[in-house]
Amino acid sequence: MPKNLIKRWYGLHHVWTLILMTLMTLALAWYKWWLGLAGFALTGAMAVYAMLAERAFRRELKRYLGSLRYRIGKIGSEVIHELPFGVLLFNDEQIVEWHNPYVADILKRDSAVGQPLTELFPVLGGKDRDRDGEFEATLGDRIYRLQYRPSQRLVYVFDITEYWNLARKYEDEQLALGVVMMDNLEEVTQGMDDQHRSALLSKVTAEITEWSQRYQMYLRRLSSDRFLIVTDMKTLKQLEASRFVILDEVREMTMDQKIPMTLSIGMASGGSSVIEVGQWVQAALDIALGRGGDQAAVRVGQRQTFYGGKTNAVEKRTRVRARVVAHALRDLMKDSANIIIMGHKIPDMDSIGAAIGVLKAARVLNREAYIVLEGVNPSIQKLMDLIREEPELHERFISPEHALALIGPRSLVVVVDTHRESLLKEPRLLAGTERIVIIDHHRRSEEFIANPVLVYLEPYASSTCELVAELLQYIHDRISFDTLEATALMAGMTVDTKNFTLRTGARTFEAASYLRRNGADLALIQQMLKEDLEEYNKKAEIIRHTVIHYDHVAIATAEPGKQYPQLLIAQAADKLLNMNGIYASFVIAERPDGMIGISARSLGNMNVQVVMERMGGGGHLTNAAAQMEGTVQEAASRLIAILDEIHREEGLFE
């Protein structure tokens with residue numbers, strides 16, 4: 001007890017009492033001396049008694065406080081030793097100085113005093129020693145949470161095994177839904193009689209059923225080519241660990257068909273409600289189909305993962321969808337105040353050609369239409385030079401600023417040759433209207449323009465120009481092309497197919513035939529695609545630094561400090577693919593804008609789209625690209641690390 005409290009509440013009031021008695025005694029002595037003498041005797045006796053009582057009180061109080069301190073210390077020591085969590089003290093060198101018995105019990109040793117802290121709990125090694133933090137450590141079959149307090153040189157250790165197991169059980173038991181679809185059933189069974197069609201369906205269905213039973217999933221057939229899966233998060237993790245082997249099993253089982261049967265799978269878990277999980281499943285399936293099929297798209301919370309995708313998208317043999325989309329696009333154009341056509345950044349021949357094709361459709365319908373273009377790069381320089389000679393066509397090319405001034409609620413924005421908002425030259429145009437159309441031939445990526453009213457995304461197509469050429473045949477019965485318009489569309493197809501040698505199908509040549517009948521000039525295309533000696537030497541310089549990985553993967557890294565246009569980087573990758581024994585090629589070089597450009601090509605044995613997606617890019621199974629900040633060496637190291645990772649997970653080649 002503090003001394004001031006003793007003086008205030010015990011000693012001080014006695015002093016004032018004695019002073020008051022002395023004053024009263026003096027007053028009595030004034031009147032009667034003998035009364036004063038008696039009063040002084042009584043006051044003295046009271047003073048002596050108060051002094052003796054004070055001393056006795058202090059002795060008893062001191063004795064009591066001493067015993068209380070002993071009892072508290074004893075109890076505190078017992079409490080610390082019996083705490084249901086660990087307490088550990090360490091010095092500046094992170095050497096253990098003291099700990100309670102709980103720490104010794106979990107470490108299975110009599111004492112850890114004198115041991116390095118990081119030796120007892122390796123998870124604390126390499127961390128910032130000046131900051132507080134919480135970490136998880138596993139000792140034996142138990143899991144502990146460490147509350148690290150370096151400012152107090154203290155660590156608290158809590159056993160969270162039960163909590164961790166409960167949290168894991170809750171996560172594992174979360175609902176997971178999925179849809180399995182035979183994505184090319186119509187193409188595979190076309191021309192089959194009912195008996196062979198039923199036999200094939202039965203064979204594939206049996207394989208899917210056996211797969212669902214193997215993983216203890218509930219399977220329900222929704223239609224002839226679609227199945228519903230109900231399972232939990234634990235099983236979904238097992239499916240991801242197996243990388244959805246059912247995709248390969250069904251494809252290999254039907255390899256004797258002219259076209260192997262492939263599956264597309266959409267699965268999801270982790271939503272706030274069953275309705276949200278169901279919506280995610282449908283979106284995941286749409287993405288898997290949009291990326292060409294033969295793959296699984298899985299969404300867990302905000303994580304989107306893709307598996308498979310080892311084959312090219314199967315070309316659709318019917319043009320029904322092209323006709324439906326063309327009629328819908330025609331109605332949208334007629335109902336729009338004006339039409340803004342926009343491609344991706346650093347446009348190529350396919351982007352410009354497709355934009356010119358959409359512009360032609362708008363002009364046939366007597367609608368004001370414009371193409372957004374800012375700057376000319378080497379890949380379209382010769383085409384733009386020819387367009388400048390056509391004033392009526394050239395005046396339809398406007399800057400992004402001009403397009404922003406024209407956009408309105410009833411404007412129609414047509415995005416060609418991309419579906420990723422981050423790749424658009426002027427994404428703000430999308431905010432000016434809700435009427436957005438996407439026409440693209442790239443495999444669908446996780447990023448997608450939000451809420452388009454019409455999407456025509458066909459990854460089987462050789463180019464966006466091919467899709468636009470098909471749409472033009474249905475938008476109007478008779479379209480009269482200018483030579484330059486038909487040539488621009490044909491040039492886009494020529495560039496993307498490498499002179500009709502890659503990713504071509506019957507419909508590719510049908511579209512090319514349609515354009516040729518309407519005036520496409522092949523000689524003019526060859527003139528536009530000619531390269532000069534300086535560019536050829538630059539490509540040879542890049543190819544000179546090629547290194548072969550995994551026997552069939554060529555990686556060419558340009559010299560640091562030298563800058564090359566994106567078109568030249570892509571052309572170098574194409575050249576490498578022509579070498580004997582090369583299944584895939586990657587070219588890495590610095591571009592004039594300071595970014596590092598990466599172009600990837602393959603013959604179909606390897607999915608370069610998956611590789612480029614892990615580097616932040618995208619594209620097709622056989623043609624993809626990415627761009628990143630940093631240096632050429634950093635990009636090359638990251639690419640090799642990703643190739644190593646894919647090789648360990650599922651192998652690089654089909």
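Let me start with helices H17 and H19, which are oblique to each other, an angle class that is left over once angles under 35 degrees are called roughly parallel, over 145 roughly antiparallel and 65 to 115 roughly perpendicular. This is a predicted model, in which local features need pLDDT of at least 70 and side-chain atom pairs count only at pLDDT 80 or more, while totals for chains, interfaces and linings use all residues. Residues are numbered from 1 along each chain as its sequence is written, and side-chain values use heavy atoms, with hydrogens and water left out.

The axes of H17 (residues 464-475) and H19 (residues 506-517) come within 9 Å and cross at roughly 60°; helices here are DSSP runs of H or I with at least four residues, strands are runs of E with at least two, and both are numbered from the N terminus. Axes are lines fitted to C-alpha atoms, for helices over the stretch in contact, with angles from 0 to 180 degrees between N-to-C directions.

Which residues of H17 meet Arg-507, Thr-508, Ala-511, Tyr-514 and Leu-515 in H19? They are Glu-466, Ala-469, Glu-470, Leu-472 and Gln-473, where contact means heavy atoms within 4.5 Å.

H17 also packs with H18 (residues 483-496), the axes coming within 8 Å and crossing at roughly 140°, so this pair is oblique as well. Here Cys-465, Glu-466, Val-468 and Leu-472 in H17 meet Ala-488, Leu-489, Gly-492 and Met-493 in H18.

Turning to the sheet, six strands form an open, parallel arrangement in the order S14-S13-S12-S15-S16-S17, two strands being paired if DSSP finds at least two bridges between them. The edge strands, each pairing on one side only, are S14 (397-398) and S17 (454-457).
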